[in-house]
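Subject: Structure for you to look over

Dear colleague,

I am handing over the structure below, and after it I set out what was found. Please read the notes with the model open beside you.

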Amino acid sequence: MRKWWWKIICILFLGYTVVAGFLMPVPRLNILNETIRNLYFHVPMWFTMTILFTASFIYSIKYLRSSKLEDDIYAVQITNTGIFFSILGMCTGLEWAPYTWGAAWSNDPKQLATALSMLIYFAYIVLRGGIKDEEKRAKISAVYNIFAYALMIPLLFILPRMVASLHPGNGGNPGFNTYDLDSDMKKVFYTAGLGWILLGVWIASLKIRVELIKYKDELY
């Protein structure tokens, strides 16, 4: 039970997010209207992605210091899970954009920066697939992963804020925290954020366990 408590919380939080997210009344805001419910899904995907990429960045540094292939397994599986959530974040954004901006793709600075960051991480997968030697692959991909994370931070969190942007909180646009969101909506949003983060950790932990089992089988 001690090992499962956070997974139970994850299931309960996501269940609450889905039910309350679709059924609970939301404030009527200009343009957004009912589409504001996507806030419970789109934004937490990016939260989860960022946390996973940060954890992967840390494990890549650990590998370069320890040369333990277990650290490389952690880094790559956490990165793969982060890439999965980046795709979910982009898809939910493309679904939301036509209702608020008039088109799925508007060449918004944050859209472009996000797409570029995703391509950098996709290249990480390609890089690992092109190197056969295990230790060489781990070392090169660890360096690349650190490079990718160092680019992601300014691309997603610094550069878009320096130019005009359609995204809330960027280019002078107010963020959702300044909108008239009621307390019930905030509860769902915070619950959703934690629920999706826990799901990301859960998926990554399962992938890591599988790869560690394969690695140990190869050793013995």
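In what follows, contact means heavy atoms within 4.5 Å, and helices (H or I, at least four residues) and strands (E, at least two) are DSSP runs, numbered from the N terminus. Please keep in mind that this is a predicted model, in which local features need pLDDT of at least 70 and side-chain atom pairs count only at pLDDT 80 or more, while totals for chains, interfaces and linings use all residues. Residues are numbered from 1 along each chain as its sequence is written, and side-chain values use heavy atoms, with hydrogens and water left out.

I begin with α4 (109–129), whose buried residues pack against α2 (42–66), α3 and α5. Buried means under 20% relative accessible area, exposed over 50%, and partly exposed in between (1.4 Å probe, protein chains only); among the buried residues of α4 are K110, M118, Y121 and R128. The helix has 21 residues and reaches 31 Å from its first C-alpha to its last, close to the 30 Å expected at 1.5 Å a residue, where the expected span is 1.5 Å times one less than the number of residues.

S86, found in α3, is buried, with a relative accessible area of 2%, and, leaving aside its neighbours within four places in sequence, S86 is in contact with W46, M49 and M118. Y99, also found in α3, is by contrast exposed, with a relative accessible area of 52%; not counting residues up to four places away in sequence, Y99 touches I31 and T35. Just after α3, G102 takes a positive phi of about 95 degrees.

Finally, there is the second largest pocket, which is lined by 15 residues, of which D72, I73, R128, R137 and E211 lie nearest its centre. A pocket here is an open set of points on a 1 Å grid over the protein atoms alone, where a 1.4 Å probe fits, with protein on both sides within 12 Å along at least five of seven lines, and lining residues have an atom within 4 Å of a point. The largest share of the lining, six residues, comes from α3.

With best wishes
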